[in-house]
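Subject: Handing over a structure

Hi there,

Here is the structure I promised to pass on. Have a look at it first, and then read my notes below.

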Amino acid sequence: MIHTTLNKLSGVNYFKFNLFLSLLIKMTISNPTNELLAQQFLIELFGTFFFIGVILVVTTPENGIVPGIAPLAIGLALAVAIYFGGFNTGGAFNPGVSLALAMRNSITWYQFLVYIIAQFSAAALVFLFWKYILNSNNV
């Protein structure tokens with residue numbers, strides 16, 4: 001069925017579709033870096049979750065945190081996240097840093113997309129965790 005559908009396409013469209021299909025197969029099946037990208041996605045997800053989680057906890061006045069300790073805690077959280085995940089991803093944990101890494105060709109644009117998805121997913125998850133579990137009576 002697929003072969004008959006492909007035969008019905010014109011030469012140019014068939015070439016474009018075939019090129020797209022071969023790129024898709026290479027990206028999803030035969031590309032050995034997919035395992036690395038999955039690891040990088042998880043590292044960016046957990047690192048960003050930890051980093052933003054610390055920011056939310058130490059900047060909530062109701063938690064009784066000493067006001068002057070927040071910058072130190074945030075910096076320490078970023079340092080810990082970079083220490084544990086920076087060897088694999090470059091320690092971006094921030095869309096701005098990911099963009100800078102992609103623009104200077106330290107990471108590919110495909111990796112940039114993976115990092116951005118991980119970082120925004122982590123931000124949404126940590127906010128939901130903070131709002132409904134850690135801080136449910138204050139929000």
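How many aromatic pairs does the count come to? By the rule used here, four aromatic pairs. That rule pairs rings of Phe, Tyr and Trp (its six-membered ring) if their centres lie within 6.5 Å, and it calls planes under 30 degrees apart stacked, over 60 edge-to-face and the rest tilted. One of the pairs is Trp109 with Phe112: the ring centres are 5.4 Å apart and the planes stand at 80°, so this pair is edge-to-face. I'll come back to these rings in a moment.

Before that, some housekeeping. This is a predicted model, in which local features need pLDDT of at least 70 and side-chain atom pairs count only at pLDDT 80 or more, while totals for chains, interfaces and linings use all residues. Residues are numbered from 1 along each chain as its sequence is written, and side-chain values use heavy atoms, with hydrogens and water left out.

The overall picture

The protein chain has six helices and zero strands, so to speak of elements here is to speak of DSSP runs numbered from the N terminus (helices are H or I, at least four residues; strands are E, at least two). Read from the N terminus, the order is α-α-α-α-α-α. Of its 139 residues, 28% count as buried, where buried means under 20% relative accessible area, exposed over 50% and partly exposed in between (1.4 Å probe, protein chains only). The chain exposes about 9300 Å², with carbon and sulfur atoms supplying 73% of that; the areas come from the Shrake-Rupley method with a 1.4 Å probe, and for residues only the protein chains shown count as cover. Take the contacts between residues at least 6 apart in sequence: 58% of them join residues at least 24 apart. Contact here means heavy atoms within 4.5 Å.

Helix 5 against helix 6

Helix 5 (residues 95-103) packs with helix 6 (residues 109-134) at an angle of about 175°, and their axes are 9 Å apart. Axes are lines fitted to C-alpha atoms, for helices over the stretch in contact, and angles run from 0 to 180 degrees between N-to-C directions. That angle makes helix 5 roughly antiparallel to helix 6 (under 35 degrees would be roughly parallel, over 145 is roughly antiparallel, 65 to 115 roughly perpendicular and the rest oblique). From helix 5, the contact is made by Pro95, Ser98, Leu99, Ala102 and Met103, and from helix 6 by Trp109, Phe112, Tyr115, Ile116, Gln119 and Phe120. By class, that gives nine nonpolar, two polar and no charged residues.

Back to the rings

Trp109 and Phe112 are three residues apart in helix 6, about one helical turn. Trp109 is partly exposed at 47% relative accessible area, whereas Phe112 counts as buried at 17%. Phe127 and Trp130 form a tilted pair, 5.9 Å centre to centre with 40° between the planes. These two are also three residues apart in helix 6, again about one helical turn. Phe127 is partly exposed at 37%, and Trp130 is buried at 13%.

Two loop residues

Phe93 has a phi near 55°, a positive value in a residue other than glycine. Phe93 lies in the loop between helix 4 (70-89) and helix 5, and is buried at 3% relative accessible area. Asn105, in the loop between helix 5 and helix 6, has a positive phi as well, near 65°. At 63% relative accessibility, Asn105 counts as exposed.

Cheers

Terms used:
Ala, Val, Leu, Ile, Met, Phe, Trp, Tyr, Cys and Pro count as nonpolar, Asp, Glu, Lys and Arg as charged, and the others, Gly among them, as polar.
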